[in-house]
Amino acid sequence: MILSLLQDSSFITTMRQTILSLLQPAFPSPFVTVAMCCAIVAVCGLGDHLLVKTYSIKQSSRLLRALIDNSSHALIGGLSWAVVEGPALFTGSRAWLHCVLCTAIASAVDVDHFLASGTFRLEKALKLRGRPPFHNTGLLVLAVIVCWGLRGWHRSFSLLALMLLVGGLSHQLRDGHRRGLWVLPHGSSPPLSAGVYRGLIVLLALCARLLYCRGWGMAMEDVGGREKYYHRPTEMV
Ligand SMILES: [Zn+2]
């Protein structure tokens, strides 16, 4: 059955046209997208490398390692959203504002260490018995679904849902390299390899771009008949 479908040239042509019609409007500047995906992988690699380096230096402080770790999360969240915005980055400040918001979300996930420890002391925050709640992927998915459900009340929730997904899940995937993904009530997965977690973050950004182009808080317009896309201002600032 599958073999006969593959041998049918009209089926292959239809499939190709369907895929192209989905991808071409979403990725009008493939080189920009590829460059940003490479930047995500590079920041993942650099962050991991610096953490290993600082672990091997006894004098290096917990604060330094926490700063390296959290700024890597933040930068990866921001770059992932840059993939989502695509060419809109070159046409308006709102796209940059969205990148900053996603950067903040990716960074803010670690706030739960302090909330769970009940103190702002870094030593205690890093010595929790279990993993704090914002690192639970099940909880993140629930928050995304709730935000998506509220989009009828205010359209900004549609965008917020996607930002939570990109910022929060990119953070959790990177943490998953060390501790696995934590999905209550099913427990944790085995730690993700470097290649897997980096690939999944890039895939997350690309899928989010496709969702964004298909109505998650954004509409695309062809400006002046040129192959240039930008997004209509959303109500979220
Ligand atoms: Zn974390």
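**Labels and cut-offs**

Mentor: Let's start with residues 195-212: that stretch is 100% helix and 0% strand, with 26 Å between its end C-alpha atoms. A helix here is a DSSP run of H or I with at least four residues, a strand is a run of E with at least two, and both are numbered from the N terminus. By the way, this is a predicted model, where local features need pLDDT of at least 70, side-chain atom pairs count only at pLDDT 80 or more, and totals for chains, interfaces and linings use all residues. Residues are numbered from 1 along each chain as its sequence is written.

Trainee: Which residues does UniProt call "transmembrane region"?

Mentor: The UniProt record, an unreviewed entry, puts that feature at residues 31-51, 137-154 and 195-212. UniProt positions follow the numbering used here, feature names are shortened, and annotations may be inferred rather than shown by experiment. Residues 31-51 are 100% helix and 0% strand, and their end C-alpha atoms are 30 Å apart.

Trainee: How many helices and strands does the protein have?

Mentor: There are 10 helices and 2 strands. From the N terminus on, the order is α-α-α-α-α-α-α-α-α-α-β-β.

Trainee: What makes α3 and α4 roughly antiparallel?

Mentor: The axes of α3 (residues 30-56) and α4 (residues 62-85) cross at roughly 170° and come within 9 Å. Axes are lines fitted to C-alpha atoms, for helices over the stretch in contact, and angles run from 0 to 180 degrees between N-to-C directions. Under 35 degrees is roughly parallel, over 145 roughly antiparallel, 65 to 115 roughly perpendicular, and the rest oblique. That's why α3 and α4 count as roughly antiparallel. Among the residues making the contact are Thr-33, Met-36 and Gly-47 of α3 and Arg-65, Asp-69 and Leu-75 of α4. (Contact means C-beta atoms, placed from the backbone, within 7 Å.)

Trainee: How do the residues of that contact divide by class?

Mentor: Into 15 nonpolar, 5 polar and 2 charged. Ala, Val, Leu, Ile, Met, Phe, Trp, Tyr, Cys and Pro count as nonpolar, Asp, Glu, Lys and Arg as charged, and the others, Gly among them, as polar.

Trainee: Why are α5 and α9 called oblique?

Mentor: α5 (residues 93-108) and α9 (residues 156-179) pack at about 40°, with axes 8 Å apart. That angle falls in "the rest", so α5 and α9 are oblique to each other. The contact includes Leu-101 and Ile-105 of α5, and Met-163 and His-171 of α9. By class it has 7 nonpolar, 4 polar and no charged residues.

Trainee: Is Leu-75 buried, exposed or partly exposed, and why?

Mentor: Leu-75, in α4, has 19 C-beta neighbours inside 10 Å, so it counts as partly exposed. Buried takes 20 or more other C-beta atoms within 10 Å of a residue's own, exposed means 12 or fewer, and partly exposed is in between, with C-beta atoms placed from the backbone.

Trainee: And what label does Gln-172 get?

Mentor: Gln-172 lies in α9, and its count inside 10 Å is 24, so it is buried. Apart from neighbours within four places in sequence, Gln-172 touches His-135, Thr-137, Leu-140 and Leu-181. Its C-alpha is 10.0 Å from that of Asp-110, 62 residues away along the chain.

Note on methods. Two residues are in contact if their C-beta atoms, placed from the backbone, lie within 7 Å.
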